[in-house]
Amino acid sequence: VEGETWAYGSGCIATVVALGPEPGVPVVLRTHGGDRIEVERGAAEWRLSGPAEEVFETVARLGESGG
C-alpha cells in the first residue's frame, strides 16, 4: 500500500451497520477525506453513492493451469 485512503466503502457500511437504521433509510456520511458518501441498506444488498475513482483493473482467467 502506497498511502492511506480516506474514503473506505467497507468502513462506511460498517458505520451504518453500527447505527442500525431500517432498510431503505439512506445515511449520509462525511469521510475523513471530506467526501460525502450516501449508504443505503436494501433487503439483500447495499448501495453506496458518492465520488469514485478507478484505481485498479485486471483480467482473471479461472480454471486455466499455468504452463
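Predicted model: local features only at pLDDT ≥ 70, side-chain atom pairs only at ≥ 80, totals over all residues.
Trainee: Which residue in S2 does Val27 stand opposite?

Mentor: S1 and S2 also pair in the antiparallel sense, over four bridges. Strand S1 covers residues 27-30. The residue in S2 that Val27 stands opposite is Val39.

Trainee: In what order do the three strands of the open sheet lie?

Mentor: The pairing in this open sheet is antiparallel. S1 and S3 are the edge strands, since each pairs on one side only. Neighbouring strands are turned against each other, direction ignored, by 25 degrees on average. The order is S1-S2-S3.

Trainee: Which residue in the turn of the hairpin formed by S1 and S2 has a positive phi?

Mentor: Five residues lie between S1 and S2 in this hairpin. The phi in question is about 95 degrees. It belongs to Gly34.

Trainee: How many residues does the hairpin that joins S2 to S3 run through?

Mentor: S2 consists of residues 36-41, and S3 of residues 46-49. Across this pair, Arg41 stands opposite Trp46 in S3. The number of residues through which the hairpin joins S2 to S3 is four.

Trainee: Is Trp46 buried, partly exposed or exposed?

Mentor: Trp46 is found in strand S3. Its relative accessibility is 34%. Buried would require under 20% and exposed over 50%, so Trp46 counts as partly exposed.

Trainee: What is the area of the nonpolar surface patch made by Val17, Trp46 and Leu48?

Mentor: A residue must have over 30% relative accessible area to be part of a patch, and Trp46 has 34% relative accessibility. Trp46 belongs to strand S3 (residues 46-49), while helix H1 covers residues 9-19. The patch made by Val17, Trp46 and Leu48 has an area of about 260 Å².

Trainee: Which element of the chain has the highest mean pLDDT?

Mentor: The chain as a whole averages a pLDDT of 84, with 85% of the residues scoring at least 70. Among the elements, the lowest mean is 89, for helix H1. The highest mean is 94, and the element that has it is strand S1.

Methods
Residues numbered from 1 in each chain as written. Heavy atoms only, no water. Patch = residues over 30% accessible without salt bridge, like charges linked within 9 Å, V, L, I, M, F, W, Y side chains within 5 Å. Areas by Shrake-Rupley, 256 points an atom, 1.4 Å probe, with all protein chains shown as cover. Salt bridge = Lys/Arg side-chain N within 4 Å of Asp/Glu carboxyl O. Helix = DSSP H or I, 4+ residues; strand = E, 2+ residues; numbered from the N terminus. Buried < 20%, exposed > 50% of the residue type's maximum accessible area, 1.4 Å probe, protein only. pLDDT = per-residue confidence, 0-100. Pairing = 2+ DSSP bridges. Axes fitted to C-alpha atoms, helices over the stretch in contact; angles between N-to-C directions.
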